[in-house]
Amino acid sequence: MRIDPFGLERWFAEYEHEADIMLAESGIRSLDASRFDLDPGRLDYVIPTNGDPDFRAAVGDRYGRSADEVLFTCGTQEANFLAFLSLLGDSEGPEPDSPVGSGTHAVVVTPTYQALHAVPEAFGEVTRVELEPPEWELDPDAIADAAGDDTAVIVVNNPNNPTGRYHDEAAVRAVYDVAVDRDAYLLCDEVYRLLSDEPQPPVASFGAHGISTTSLTKAYGLAGLRFGWIAGPEAVVERAWRWKDYTTISPSLFGQHVAKQALGRREPRILEENRELAAANRATVAEWIDRHGLDWHDPVGVNGFVTVPDGFGDAESFCRTVVETESVVLAPGTLFGFPDRFRIGFGLPSEELEEGLDRVSRVIEGGA
C-alpha cells in the first residue's frame with residue numbers, strides 16, 4: 001500500500017509554526033476549556049471502546065439510528081479512514097451474508113480534503129468527479145456515469161472544503177439514489193454542516209446506504225478534543241470498530257467527557273456564537289474580495305476558494321509571497337488541483353482576521 005504525502009499538512013508544517021496569522025485554518029476559532037467541566041474521573045480507557053452506549057444512542061438519535069450504528073473516533077480524519085478501511089480495505093471481501101459490499105472502486109467528488117481521495121486511492125481505484133467553477137455544482141448524472149458495479153462508496157464533502165459550496169438536499173439525495181442503484185454507500189463528510197443557519201438532513205438519515213462522518217472540530221471550535229464519529233449501517237460501523245482496535249483502540253476519555261457537555265445544554269449557545277462569528281467574518285472577507293476585484297462562491301462554513309490576484313504566476317507563488325513577506329499563511333489551490341485559486345479560512349477571531357487581510361492587501365497592492 002502506498003499513500004501520497006498530505007500536501008496541505010506539509011505546507012502547514014513548513015510555515016504554520018513561525019507565521020503570525022493563520023488564514024488557512026479551516027475551522028472556527030477554538031473555545032476556551034474553562035467553559036467545561038474537565039474532570040472525567042479516573043484516567044482509564046473508554047469502555048466499551050467504541051464509546052459510551054448511552055452517549056452513542058443519543059448521537060444516533062440525530063440520524064434516526066441506534067447506538068450500534070455509531071462509532072466514536074479520533075476526529076473526522078479517523079472516522080473517514082476507518083470507514084474507507086471497512087469498505088475498501090479488506091481484500092478477502094465481506095463475511096458471508098454481510099451487507100457490506102466487496103467493491104474496490106470509489107467515486108470521489110473533488111476538489112476536496114485530500115484524505116477523502118488519497119486514502120481510497122491507497123486501497124483501490126478512484127474516479128474523481130470534478131466540481132466546476134464558479135458555482136461548483138454537484139452533478140448526480142456525472143456521478144452516475146462514474147459509478148459502476150464494482151463501486152463500493154461514493155464520497156462527498158458537504159459543505160465542501162475548499163469551496164464552501166453547500167450542495168442542496170435534492171442533489172445529495174439524487175447522489176444517494178445513485179449509490180442505492182449501484183449497491184454502494186454514500187459517505188458524506190459533514191464536519192461543516194452545523195455552521196449553516198439551516199442545516200440539511202445528514203446523509204446517514206437517508207437510509208441503509210447512507211454514512212455520515214463528522215466531529216466537534218470545525219463547527220464547535222473543539223479541535224483539541226479530537227472527538228468525532230461515524231454514523232451509518234451497523235455492518236459498516238462494526239467493521240470500522242474492528243479496524244479501530246488497531247488504530248486508537250478507544251476514543252479519548254477527555255474528549256468523550258467534554259463532548260457530552262458540548263452536545264448537551266451548551267450546544268445551542270455554542271452553535272449560535274459560532275454561526276454569528278462565521279457570518280460576520282464572511283461579510284468582512286466578501287467586502288475585501290470585492291475591493292480587490294477577486295472572486296469566490298459565497299461559502300457556507302468558514303472556508304472560501306478565492307481567485308489569485310493579477311500579477312502573480314499561480315497560487316503557490318502568491319501564497320509564498322504572502323507568508324514570506326507578511327507572515328500570513330494561506331493555502332494554495334494547487335494543493336486542491338486549482339493553481340488559479342487559494343483557500344482562505346475566516347473562522348478566527350475578527351480582529352485577527354482583519355489584521356491578516358490588511359497584510360495580504362499590502363502584498364496585492366504591491367504586486368508581484
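Helices (H or I, at least four residues) and strands (E, at least two) are DSSP runs, numbered from the N terminus. The model is predicted: local features need pLDDT of at least 70, side-chain atom pairs count only at pLDDT 80 or more, and totals for chains, interfaces and linings use all residues. Residues are numbered from 1 along each chain as its sequence is written, and side-chain values use heavy atoms, with hydrogens and water left out.

View A. Asp 141 lies in helix H5, residues 140–146. Its relative accessible area is 57%, so Asp 141 is exposed (buried means under 20%, exposed over 50%, partly exposed in between; 1.4 Å probe, protein chains only). Asp 141 forms a negative surface patch together with Glu 135, Glu 137, Asp 139, Asp 145 and Asp 168. Patches are made of residues with over 30% relative accessible area and no salt bridge, like charges being joined within 9 Å and nonpolar side chains (Val, Leu, Ile, Met, Phe, Trp, Tyr) within 5 Å. A salt bridge is a side-chain nitrogen of Lys or Arg within 4 Å of a carboxyl oxygen of Asp or Glu.

View B. Cys 74 is partly exposed because its relative accessibility is 31%. Cys 319, at 0% relative accessibility, counts as buried. The disulfide count is 0, a disulfide being a pair of cysteine sulfur atoms within 2.5 Å.

**View C. Ala 13 and Gly 301.** Ala 13 lies in helix H1, residues 7–15. With a relative accessible area of 42%, Ala 13 is partly exposed. From Ala 13 to Gly 301 the separation is 288 residues in sequence and 24 Å in space, C-alpha to C-alpha.

**View D. Two cis peptide bonds.** Most peptide bonds are trans. The bond from Ile 47 to Pro 48 is cis, with omega near -5 degrees; Pro 48 lies in the loop between strand E1 (21–22) and helix H2 (53–61). The bond from Pro 133 to Pro 134 is also cis, with omega near 5 degrees. Pro 134 is in the loop between strand E4 (125–130) and H5.

**View E. Two residues with positive phi.** Most residues other than glycine have a negative phi. Arg 226 is not a glycine, yet has a positive phi of about 50 degrees. Arg 226 sits in the loop between strand E7 (210–215) and strand E8 (228–231), and is partly exposed at 34% relative accessibility. Ile 249, also not a glycine, has a positive phi of about 65 degrees. The loop between helix H7 (234–244) and helix H8 (253–262) holds Ile 249, which is partly exposed with a relative accessible area of 34%.

Key:
Areas by Shrake-Rupley, 256 points an atom, 1.4 Å probe, with all protein chains shown as cover. Lys, Arg positive; Asp, Glu negative; His and termini not counted. Charge placed at Lys NZ, Arg CZ, Asp CG, Glu CD.
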